[in-house]
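Colleague: I am new to reading protein models. Could you walk me through one, feature by feature?

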Amino acid sequence: MKIPEIGTYAISFLIILALIFLLPRLMPGDPLTAICGEEVLVVMTPELKAELMHRFALDAPLWKQFFVYLTAMMHGDFGYSYYYNAPVLEVIFEALPWTLLLVGSSLVLSTVLSIIIGIESGWRRGKITDKFLLTTTMILNGFPNFFIGIILLLLFAVYLGCLPLQGAKTPYSGLSGINSMLDIAQHLVLPLIALTLAQIPGSYLLMRNTMITTLKEPFVRTAKAKGLSEVAVRYKHAGRNAMLPIVTTTGVRVGTVVTGALFIEIIFSYPGVGLLSYNALLMRDYPILQGVFFIVAVFVILANFVVDLLYTKIDPRIGVNNAEYAH
Amino acid sequence: MKNKQIAIVTLMSILLFALLTGLTIAGADSESANAGEVTYIIADPTGDWGYPSPHGHYPRGPGYLRMSYIFDTLLWKDRQGFVPALATDWEYLEDENAFLFHLRKDVTWHDGDKFTADDVAFTFNYVKEHPSWWVDLKSVERTEVLDEYTVKIYLTERYAPFLSDVAGALAIIPKHIWQDVETPNEFTEPEALIGTGPYKLVDYSKTHGTYLYEANKDYYLRKPDIDRLQFVKISEEMAPTALMRKEVAAAGILPETVEEVRGKGFVILNQSGNWNAKLMINHEKEPMSSKVFRHALAYAINRTELVAIGVRGHAIKGSPGLLAPISPYYNQDIIKYEYNPERAKDILESMGYQLKDDGYYWRDGEILELELITAPRMGFERIAEIIARQLEGVGIKVNVRSLESKTLDYRVMNRQFDLAISGHGGIGGDPLILNKVILGKFGYSANYTKNDTLNQLLEAHLHEMDQEKRNEIVREIQKIYAEELPALTLYYPTWYWGHDSSVDLYYTLGGVASGIPIPLNKLAFMDYKCDLAAPVPTATSAPTPAATETPVPGFELVISILALTTIAYLLKRRRND
């Protein structure tokens, strides 16, 4: 990875830090309650107020406050939620595994599915399968993910009653081992499908388009001429080369999947970061909101960074080794 | 070759990811019911209300309720009013300005230790030292232990809300456990949950928002009929389905679903009057600083229409005296401001306003124009639009502006507004709330101190220990408040609960403890009606099917072996290539 690119990430990261720092201080009213959440008023004594003012250096100039804030961040101090009566990171980390499970599996599933149907659709361009896939995804594309979520919830959980209504597992069911994992999987099905369905159209259209372009390349014709099987040409030669843009956009998609998960989690009462931030919004627990904002932003930056790294591996023409391939 | 490496790395990461997530979050859940036990499951849309210790729960009513199952207070309330709890009887000693409590002699803590007057005295002293948000002990001067089961609490001044807001709300904690605890809100050891209450906590999951309690077999009243009390997280939208699928026995439900739930044979509980939506009026600013102008506003607003259209009938019309008819202190003989647009116009004209051709009132070359601010919560935006239309109807130009809640509170508190829609709860409990929301300086308080009589009466009722006399004063307060009209109560929304009737849930008179308007009083779980609950698995005496399933050990091992085999296979293929 080139130094300027790392610089770009560092700058994005700093901008995010600055935004999280500035937002509560720009809100109307007392910045102390904006930083600590309204619950702090309940336990606020003059001593605590003085201590908090000192801790956040709220009486000092802005640059000094920013310095104090950065130092705290470097020590892993992301603030304290007076509502949860716990450090912000501790609260977020309890919800994070569930969001990771949902977002991670949705990202993998939607990528794999859109690649496969993109390849098939591009290969059969203009035929009935292509038209069907195109129309279906266009219709799907018109629905926001929470709408798909509500429809699925109503259909499978409320009317058919074959899947759980809410949550991530059955409370106090006495399950363990494989049964417990199956229970978790059963609870994951609907949110996962909702989130994945909303992700597919974008990647599918991209995959289909690159597939169509790639199929016109000379090497595909060569492969066909060599007498390779149709599947080998479709997947090994054309498909693999058409996949590159999907990989690039995966980093960007992490952001949309995470924000999509926020809505899905609320609909399915899925105990992840989305539901946490929704409750924090209701309780006006600003420290939690800022913490979630930070964690999500870091994840998106990190995902883009990883994709950048991975991309140079998948497509050797990109990256520092350009010179090597020039001759 | 490179692509294969990437494929292997990716596959490995995914498998590892799934494995780790599975291992971390699947954790064995062995808290299942035993045969013959009665389980009662309650749905809650938020789920997590904090660690249910007196200092650990979140500062909201549902958090206090979850704590109240484990801890007792000196006295408690049921549907009719005060009932003895840890104290068998109490009396107010006028000369000494103290309350004398005689305690029960048959109470033990969950760990088997004896409960005595020392614990009561300790609790008061401890909470004075470590203030709790729930109970304000400023009124308590000191405690005196007279003997093992008699304790006297001296007050700093005569304080009428003492029984409901202090003695009936302060959870008594064991001295032998808490005496060495310096930071009570960080004390989350299992001992922090040793109380004298009817239930013991078996499990609490912050992430999943679930609570599981088991009955305290040695509870001093008797063992509760409900052996296992369980709270699960289910959204209000899904609550009716969960009820019908017998996944829960009781749930708060949305007004729109009431008929459907009732139709399926569930009992519906409803209550209005603990919460009120109100029109805040900036009485410091012209022309709202004129009392008669505020009257004109009240006459111009059709509260019946607000209830019928704004909240689709799921509320009762607000009383200008603030307190609702369910309050034992409610005064109905006050000025009502029944909808009368003509009267409103007359008042405006008497103030020198003239109706122009544009349909608005003008005075001194200025149009009568007000800004109505609101926040996107509780359907307030719709209410604001209706009020704006009603005021425009009498000739007052209104601009509606929606703001973020905190900004709205800030502007109301700093009087940077004309009219605002806000609301608050707590009006079903002790009338102490009147002092907070009339004199207080915060977003939903009228912040009104202009009327000396009102100020004096507000002070007087707090110190009037004679209930009848206090009642009279509070009635007078409502009368003056309605005439002064620093804010106008618009309506009291109705809240609904549906339940399967196996437990006779009820709304506590004046709310649980210091006024929580939720029908989950711990005393309700003492009695269970078997015959009614027979078809409902959530409250049957049969073991849950899950409990009989045999867990398969080593599933994680199988996954690991599978993953390793796949990787080995891929590596082998790579070597062959």
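Modeller: We will take the chains, the cores, some helices, a sheet and the domains in turn.

Modeller: This is a predicted model, in which local features need pLDDT of at least 70, side-chain atom pairs count only at pLDDT 80 or more, and totals for chains, interfaces and linings use all residues. Residues are numbered from 1 along each chain as its sequence is written, while chains are lettered from A and ligands numbered from 1 in the order in which they are written.

Colleague: How many helices and strands does chain A have?

Modeller: Helices (H or I, at least four residues) and strands (E, at least two) are DSSP runs, numbered from the N terminus. Chain A has 15 helices and two strands.

Colleague: What share of chain A is buried?

Modeller: A residue is buried if 20 or more other C-beta atoms lie within 10 Å of its own, exposed if 12 or fewer, and partly exposed in between; C-beta atoms are placed from the backbone. In chain A, 40% of the 327 residues count as buried. Take Leu19(A), in helix α1 (residues 3–26) of chain A. It counts as partly exposed because it has 14 C-beta neighbours inside 10 Å.

Colleague: Which residues touch the most other members of the largest nonpolar core?

Modeller: In soluble globular proteins, nonpolar side chains tend to be buried together. A nonpolar core is a set of buried Ala, Val, Leu, Ile, Met, Phe, Trp, Tyr and Cys residues joined through C-beta atoms within 7 Å. The largest core here holds 150 residues, and Ile42(B), Val248(B) and Ala251(B) touch the most other members. Helix α6 (residues 88–123) of chain A gives the most to this core, with 13 residues. A second, separate core has 66 residues, including Ala324(B) and Ile477(B).

Colleague: Which residues of helix α14 of chain B are buried?

Modeller: An α-helix has 3.6 residues a turn, so residues three or four places apart point the same way. In helix α14 (residues 452–462) of chain B, the buried ones are Leu454(B), Leu457(B), Leu458(B), His461(B) and Leu462(B). Seen down the axis of α14(B), they fall within an arc of 135° (taken from the directions from the helix axis to the C-beta atoms), so they line one face of the helix. On the other side, Asp452(B), Thr453(B), Gln456(B) and Glu459(B) are exposed.

Colleague: Why is helix α8 of chain B largely enclosed?

Modeller: Eight of the ten residues of α8 (residues 291–300) of chain B are buried, so the rest of the structure largely encloses this helix. Among the buried ones are Phe293(B), Arg294(B) and Tyr299(B).

Colleague: Now a sheet. What is the strand order?

Modeller: Strands of a sheet pair through backbone hydrogen bonds, either parallel or antiparallel. Two strands pair if DSSP finds at least two bridges between them. An open sheet of three strands in chain B has the order β15-β16-β17, with antiparallel pairing. Its edge strands, β15 (354–355) and β17 (366–367) of chain B, each pair on one side only. Two bridges join β15(B) to β16 (residues 361–363) of chain B. There, Leu355(B) stands opposite Tyr361(B).

Colleague: How far apart are the centres of domain 3 and domain 4 of chain B?

Modeller: Domain bounds come from an automatic or database domain assignment. In chain B, it gives domain 3 as 71–190 and domain 4 as 275–493, among others. Their centres, taken over C-alpha atoms, are separated by 38 Å. Two residues are in contact if their C-beta atoms, placed from the backbone, lie within 7 Å. The contact takes eight residues from domain 3 and nine residues from domain 4 of chain B.
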